[in-house]
Amino acid sequence: MKNLLTVILLAVTFTFHAQIDEKRDKIKALKTAFITTELSLNSEESAKFWPIYNAFDDKQFELRHNKMKSLANKLKNSIDTMSDKEALAVLNQMEDYDEELLENRKKLVSNLKSIISPVKILKLKKAEDDFNRTLLKQYKGKGPKG
């Protein structure tokens with residue numbers, strides 16, 4: 001009976017993660033198409049741009065969803081019982097993650113300068129912001145009404 005319960009739990013967990021990965025892949029494909037259109041990338045630019053951008057985007061995802069998520073869980077579960085010393089340690093970790101996000105962005109810009117124009121780099125930031133805003137509006141539209 002325990003083995004059956006374990007197998008069912010693993011199957012549900014696997015299915016849940018597969019659905020999350022499927023949604024992330026769909027969003028990534030939409031974002032790729034959106035950015036390509038907004039930047040008017042030609043085939044040569046696109047071939048050089050996407051490996052660099054995808055490495056940047058994967059790192060940003062890792063920082064935001066893995067590292068920051070663990071901090072958010074710490075805050076959610078124990079913020080009221082934290083000592084000042086523990087809280088200071090969490091604040092320092094948050095600052096470190098923010099710095100990593102900034103350094104990753106700086107690295108992206110530096111790497112792109114030899115591939116696309118500064119105007120297209122600015123358009124990239126605008127395209128990312130526009131895409132995220134659109135995604136958020138769609139997400140809010142699907143939420144509970146009230």
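Residues are numbered from 1 along each chain as its sequence is written. In this predicted model, local features need pLDDT of at least 70 and side-chain atom pairs count only at pLDDT 80 or more, while totals for chains, interfaces and linings use all residues; side-chain values use heavy atoms, with hydrogens and water left out.

View 1. Helices (H or I, at least four residues) and strands (E, at least two) are DSSP runs, numbered from the N terminus. Along the sequence, the pattern reads α-α-α-α. Of the 146 residues, 20% count as buried, where buried means under 20% relative accessible area, exposed over 50% and partly exposed in between (1.4 Å probe, protein chains only).

**View 2. Helix H2 packs against helix H3.** Find H2 at residues 43-78 and H3 at residues 84-112: their axes are 10 Å apart, at an angle of about 175°. Axes are lines fitted to C-alpha atoms, for helices over the stretch in contact, and angles run from 0 to 180 degrees between N-to-C directions. The two helices are therefore roughly antiparallel, a label for angles over 145 degrees.

**View 3. Two residues of helix H3 are shown here, Leu102 and Asn104.** Leu102 has 40% relative accessibility, so this residue counts as partly exposed. Between Leu102 and Gln60 there are 9.5 Å in space, C-alpha to C-alpha, although they are 42 residues apart in sequence. Asn104 counts as buried because its relative accessibility is 11%. Leaving aside neighbours within four places in sequence, Asn104 is in contact (heavy atoms within 4.5 Å) with Phe56, Lys59 and Gln60.

**View 4. Phe49, Trp50, Tyr53 and Phe56 form one aromatic cluster.** The structure holds five aromatic pairs. Phe49 and Trp50 have ring centres 4.7 Å apart and planes at 90°, so they make an edge-to-face pair. Rings of Phe, Tyr and Trp (its six-membered ring) pair if their centres lie within 6.5 Å; planes under 30 degrees apart count as stacked, over 60 as edge-to-face and the rest as tilted. Phe49 counts as buried at 0% relative accessibility, and Trp50 counts as buried at 10%. Tyr53 and Phe56 form a tilted pair, 5.5 Å centre to centre with 50° between the planes. Both lie in helix H2, three residues apart, about one turn of the helix. Tyr53 counts as buried at 1% relative accessibility, as does Phe56 at 4%.

Definitions and conventions. Parallel < 35°, antiparallel > 145°, perpendicular 65-115°, else oblique.
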